[in-house]
Amino acid sequence: MSKSPWWRNAVIYQIYPRSFSDSNGDGEGDLTGITNHLNHVSDLGVDAIWLSPFYTSPNRDGGYDVADPRDVDPRHGNLEDAKILFAKARALDLKVLVDIVPNHFSSEHVWFKAALQAQPGSPERARFHFYPGKTPTTPPNNWISLFGGPAWTQVSDGQWYLHLFDSSQPDLNWQNEDVRADFEKTLRFWLDLGVDGFRIDVAHGLAKENILEDHYDPQGLSNALRLDVEMSAEARGKLLATVPFFDRDGVHEIYRQWRKIFDSYDREIMAVAEAWVHPPERATRYVRPDELQQVFNFDLLVAPFNDQILYQCIDRTLKLMGTVGASPTWALSNHDTPRVVSRVGENESRALALFTFGLPGSSYIFQGQELGLPDAELEDCDRQDPAFFRTHGVQKGRDGARVPLPWSGEAAPFGFSSGKPWLPIPQGWSSLTVEKESGDLSSSLEMYRKILALRKENLLDSADFTWSRRPDESGVISYRRGNVEVFLNTSTQEFQVQSSGHFAIASDPRSKLELNILSIAPSSSAWIALS
Ligand code: NOJ
């Protein structure tokens, strides 16, 4: 039997370069810092790293405002450092994914600067979305930016340009041949340097329809974009799905073309789409056999610690991805959402990690998740997220999840930098450093190391997933895969069940298996090895 491609069941560790490790004391993480600490990632037992952007950027949106997609920002190092990092990853048997940001460039990109110098109607402007306003002082339509405020900014000759994010992130026009050709060049550039694939930013946003028409519900959309506004996932999804700039049919021919490029390399290249779509069936369109390999499933990033909801999310994802033969993805945290510990609680976050690492497909870990880091409390004066500024502080933004990693020592910045970190690291994290948690068997880090080793030993390619317990009044769900059975107890009571297996690992030390009775502590999960 041929081995499945590396990414089908991979564990992928997301590195946010700015906050991983700073090797030169400027307070910002860099590529050499990543190389220096890559052993930590490989010791964890993951298969691949995904590097968030490290490209030339004025850094108005944490590097997702790219001014040169084929070079490294001096804050993060240079191309030589990137090559050294890729070589170290290869030596450690880690695959490398890099971010590609095709929806927009930075306003500092040479193309946008040229567009500003050029006339309305010129080829330079045609690479972006420049239009006259409805009136001399009103934008072409009422679309809003995902970071708050209007999605249009006016330039000195009266035209307006579209930016779904910050005004420093002008949207690219994917009808334009220069844009298509330039991204193909960028894909090849990084593939030729040895990377194994891409995480595609705003993958659902490249094709826009009815660009001169108003969107009928900008306020609804604005609420849907705010995680602090109470709204069901269903309602949120619907509001996001109705906008004329997301999930349009036109995006798919782009990925079919990219797929041909990936397949022209003689190693297994993969790409994972960041695509917030609704209804969930729409996600399968990104991973049809001639398109991308994976699409992020964001359900678990927002799901509460509730057996019914978790069961539904997982079951639906497995079924949907099965319809197109794609491998599912699971993520509990990333750089855009509150960290899982802050969202559901410490015990609950460990329980979720253990439970999801047994599932078929790829699990994504956001740096620091393995340490059990919560979001950091920040003063408003420290915040840098454009969403905070564009909403005049109504949205606090994503900085709390992006605080640099604590590595060692007793005092902040805990070995992250010899200088002043770009965001302050809480002194309270002294017990959460890599150094402190290493060797402490009760720590989150050691739990992650052990569970990833068990996953590798027991589950690697097994596709034989079955639910052994569906939601009922107990609050417990469980599944079998390979030779393990994995339980999740979402209730506040201990749960007991007969089991003839052996105890493998639990997220709570109070859980045990004695005389064929498995006792699972409240808000916890456990892996049982079946005989
Ligand atoms: C999604 C990225 O994950 C986020 O950090 C960024 O702000 C937006 N896309 C815009 O690029």
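**Entry 1: cavities.** I searched the whole structure and found four cavities of 30 Å³ or more. I note here that the model is a predicted one. The largest cavity holds about 80 Å³ of space. I then looked up its lining, which is made by 15 residues. Nearest the centre of the largest cavity lie Gln14, Trp50, Phe296, Phe298 and Asn334. Which strand gives the most to this lining? I find strand β13, residues 362-366, with three residues. By kind, I list the lining of the largest cavity as nine nonpolar, three polar and three charged residues.

**Entry 2: helix α8.** I turned to α8, which runs over residues 251-263 and has 13 residues. From first C-alpha to last, α8 reaches 19 Å, close to the 18 Å expected at 1.5 Å a residue. I wrote down the buried residues of α8: Val251, His252, Ile254, Tyr255, Trp258, Arg259, Ile261 and Phe262. Looking down the axis of α8, I see these buried residues fall within an arc of 160 degrees, so they line one face of the helix. I also looked up what covers the buried residues of α8. The cover includes two elements I noted as helix and strand, α5 (177-192) and β5 (95-100). It also includes β9 (197-200) and β10 (270-273).

**Entry 3: helix α4.** I next took α4, residues 110-117, and asked which of its residues are buried. They are Trp111, Phe112 and Ala115. These three cover an arc of only 95 degrees around the axis, which puts them on the same side of α4. On the other side of α4, I find Val110 and Gln117 exposed. Covering the buried residues of α4 are, among others, β6, β8 (160-162) and α5. I note that α5 is also part of what covers the buried residues of α8.

**Entry 4: Tyr131.** Tyr131 is found in strand β6, residues 130-131. Is Tyr131 buried, partly exposed or exposed? Its relative accessibility is 23%, so I count Tyr131 as partly exposed; buried would need a value under 20%. Leaving aside neighbours within four places in sequence, I list the contacts of Tyr131 as Pro140, Trp152, Gln159, Trp160, Ile211 and Leu212. I also checked Tyr131 against Tyr161, which is 30 residues apart from Tyr131 along the chain. The C-alpha atoms of Tyr131 and Tyr161 are separated by 6.5 Å.

Conventions: Residues numbered from 1 in each chain as written. Predicted model: local features only at pLDDT ≥ 70, side-chain atom pairs only at ≥ 80, totals over all residues. Heavy atoms only, no water. Helix = DSSP H or I, 4+ residues; strand = E, 2+ residues; numbered from the N terminus. Expected span 1.5 Å × (residues − 1). Buried < 20%, exposed > 50% of the residue type's maximum accessible area, 1.4 Å probe, protein only. Arc of directions from axis to C-beta. Contact = heavy atoms within 4.5 Å. 1 Å grid on protein atoms, 1.4 Å probe; cavity = no way out; pocket = protein on both sides within 12 Å on 5 of 7 lines; lining within 4 Å. Points joined across faces, edges and corners; volume = space filled by probe spheres on them. Nonpolar A, V, L, I, M, F, W, Y, C, P; charged D, E, K, R; others polar.
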